[in-house]
Amino acid sequence: MNNNMEIELQQTALPNPSSNWVYEVLEPDQLSTAKQPFGRQALNRRTVILLWGLRVYVVLMVLLVALQTWNAFHSAQ
Amino acid sequence: MTQPICPEGSPADFTEEDIKRAGDRRRVHLLRNGKGGTRSLRLLWLLIGPGILVMLGENDGPSMISYAQTGASYGVGFFLPFIALTFAMAFVIQEMTVRLGAATKRGHAELIYARFGRFWGFFAMADLVFGNLLTLVTEFIAVRAGLGFFGVPPAIAVLGALLVVVAVVLTRRYWTWERITLGFAIFNLIFVPVALMAHPVSSQVVRAFFSWGPLPGGVTAGFILLVMSNIGATVTPWMLFFQQSAVVDKGLTTADIRHGRIDTAIGAVLAAIAAIATVLATAPLFAHHVDASNLEGAAFAQALVPYVGNIGATLFAIGIFEAGLVAAITISSSSAYAFGEVTGTARSLNSPLREGWLFYAVLVAAAAIAAALVLIPNAPLVLIVLLVNVIAVLAMPPAIVFLMLLVNDREIMGEHANGPMANFFGVTVTILLVLAGLIFGITTIFPHLLPS
């Protein structure tokens with residue numbers, strides 16, 4: 001790395017908030033106060049059914065884990 | 001809400017968080033535009049972080065104990081290539097979060113709420129919060145077990161780890177936080193020398209990778225539980241939320257996606273090496289018919305003394321402690337990121353305390369609650385550790401579906417949306433996870449289908 005670049009890298013450790021260098025290196029959406037909200041995505045019927053199916057799957061499986069835990073406790077006693 | 005800094009006479013409308021991130025980005029820009037033989041390596045050094053952290057972070061307390069149980073129960077055989085496969089699956093999934101974060105500049109929770117609304121967002125968050133709390137408990141179990149080997153009382157061990165979590169986030173600088181955590185995380189490879197001390201037979205290791213065997217005892221209920229635990233040790237919902245948020249907080253853009261992939265691949269390879277090394281380290285317990293079914297982290301280290309010596313056992317205990325500590329840092333961060341993204345408050349490790357106090361409070365509170373739960377006497381720690389990984393696998397399919405919907409959403413992803421190949425792998429991983437869950441469910445309902 002050349003000396004000029006090294007000096008520039010060191011300068012970044014002491015940024016000057018009055019300059020516009022922040023705009024030059026950050027994309028607009030990277031500014032914490034300037035993010036534009038995204039709109040909602042329409043979910044089609046198949047996707048909604050899939051999401052509900054997976055929700056039921058998770059609930060049932062968690063119940064099974066609870067059952068297995070219960071059995072493990074009782075077999076240990 | 002973060003306050004913009006608007007110096008007099010300047011059109012600037014940015015916060016302290018923006019300035020810190022811009023400082024990191026400027027170094028990347030200068031290197032990109034500069035010359036020099038080591039430029040690409042320096043650029044990689046600047047851009048790595050989230051991928052390695054998420055993969056080594058997921059080699060956490062319960063994961064390492066699952067791998068240790070695997071080695072002690074099945075020795076050198078089927079599980080070596082299986083673990084490598086699970087990390088390949090993890091890479092496929094985590095690479096999508098890199099693209100999502102870089103293309104949208106939004107965290108995972110923020111995107112789910114924005115694109116699918118509060119109703120579905122609530123479910124995703126419920127899975128995350130529940131899973132993170134349970135997993136954090138097991139991280140402190142690992143900390144307690146690892147330091148227990150050295151005679152450190154549980155309360156001191158847990159409090160000490162909590163103080164480290166607090167100290168690291170109080171740097172209030174993403175870059176510093178990332179580098180310190182990476183420094184801790186690299187100690188995950190401490191299991192490699194322990195594996196070498198166990199003197200694995202290289203021909204057995206090579207044969208295992210090519211033949212996916214042997215599998216002593218065949219397919220049993222215990223085998224299914226370990227399969228689930230090993231999958232849960234590599235792919236879990238918190239990883240999606242953490243890596244995407246970290247990519248955003250680090251400031252990666254679409255120009256950095258290639259480096260993000262390399263970062264994630266390096267993380268997957270390192271984590272797979274550490275995981276396989278753990279199996280090899282505890283394989284002598286299988287060979288000598290030692291019953292490891294009730295061994296915790298520290299007890300594993302004690303049991304290994306005859307095979308890897310005192311130094312090996314000490315390294316093993318340090319490894320268990322380190323695994324818990326690093327994951328406590330990363331998982332509590334993922335909870336805080338998600339909280340900030342959902343509530344619209346500060347969501348950056350670059351936030352100053354006055355603006356990000358709630359973010360930091362959630363992060364510390366998540367770790368503190370888990371730390372307190374660990375100190376409850378007579379808790380069934382081994383069972384909790386194994387079940388946490390199982391629950392992680394069960395919660396993963398809905399999380400991947402949200403991920404796949406987002407990463408295929410061309411309105412927000414543009415040209416970085418998934419291609420057919422990424423979708424094929426993503427759907428395959430989802431189907432495998434659902435099948436693993438169903439097999440687990442069926443064998444739980446009908447326990448006599450398989451030998452115990």
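Where is Pro214(B) found? Look in the loop between helix 10 (202–211) and helix 11 (221–232) of chain B. Keep in mind that this is a predicted model. The peptide bond that joins Gly213(B) and Pro214(B) is cis, with omega at about 0 degrees. Trp212(B) is in the loop between helix 10 and helix 11 of chain B, and its phi is near 55 degrees, a positive value in a residue other than glycine. Trp212(B) has 36% relative accessibility, so it counts as partly exposed.

Another positive phi turns up at His289(B), again about 55 degrees and again not a glycine. You'll find His289(B) in the loop between helix 13 and helix 14 (297–343) of chain B. With a relative accessibility of 73%, His289(B) counts as exposed.

Now for some helix packing. The axes of helix 5 (residues 79–104) and helix 13 (residues 257–287) of chain B come within 9 Å and cross at roughly 155 degrees. Because of that angle, helix 5 of chain B is roughly antiparallel to helix 13 of chain B. The crossing of helix 5 of chain B past helix 13 of chain B is right-handed. Residues making the contact include Phe87(B), Phe91(B) and Glu95(B) from helix 5 of chain B, and Arg261(B), Thr264(B) and Ala268(B) from helix 13 of chain B.

Zoom in on Glu95(B), which lies in helix 5 of chain B. Glu95(B) is buried, at a relative accessible area of 8%. Apart from neighbours within four places in sequence, Glu95(B) is in contact with Arg261(B) and Thr264(B).

The buried residues of helix 7 of chain B are Ala157(B), Val158(B), Ala161(B), Leu162(B), Val165(B), Val168(B) and Val169(B). Looking down the axis of helix 7 of chain B, these buried residues fall within an arc of 130 degrees, so they line one face. An α-helix has 3.6 residues a turn, so residues three or four places apart point the same way. The face turned away from the buried side of helix 7 of chain B carries the exposed residues Ile156(B) and Leu163(B).

What does helix 7 of chain B pack with? Its partner is helix 15 (residues 353–374) of chain B, at an angle of about 170 degrees, with the axes 10 Å apart. Helix 7 and helix 15 of chain B are therefore roughly antiparallel. Among the residues that meet are Val158(B), Leu162(B) and Val165(B) in helix 7 of chain B, and Tyr360(B), Leu363(B) and Ala367(B) in helix 15 of chain B.

Notes
Residues numbered from 1 in each chain as written. Chains lettered and ligands numbered in written order. Predicted model: local features only at pLDDT ≥ 70, side-chain atom pairs only at ≥ 80, totals over all residues. Heavy atoms only, no water. Buried < 20%, exposed > 50% of the residue type's maximum accessible area, 1.4 Å probe, protein only. Helix = DSSP H or I, 4+ residues; strand = E, 2+ residues; numbered from the N terminus. Arc of directions from axis to C-beta. Axes fitted to C-alpha atoms, helices over the stretch in contact; angles between N-to-C directions. Parallel < 35°, antiparallel > 145°, perpendicular 65-115°, else oblique. Left-handed = near helix turned anticlockwise from the far one by under 90°. Contact = heavy atoms within 4.5 Å.
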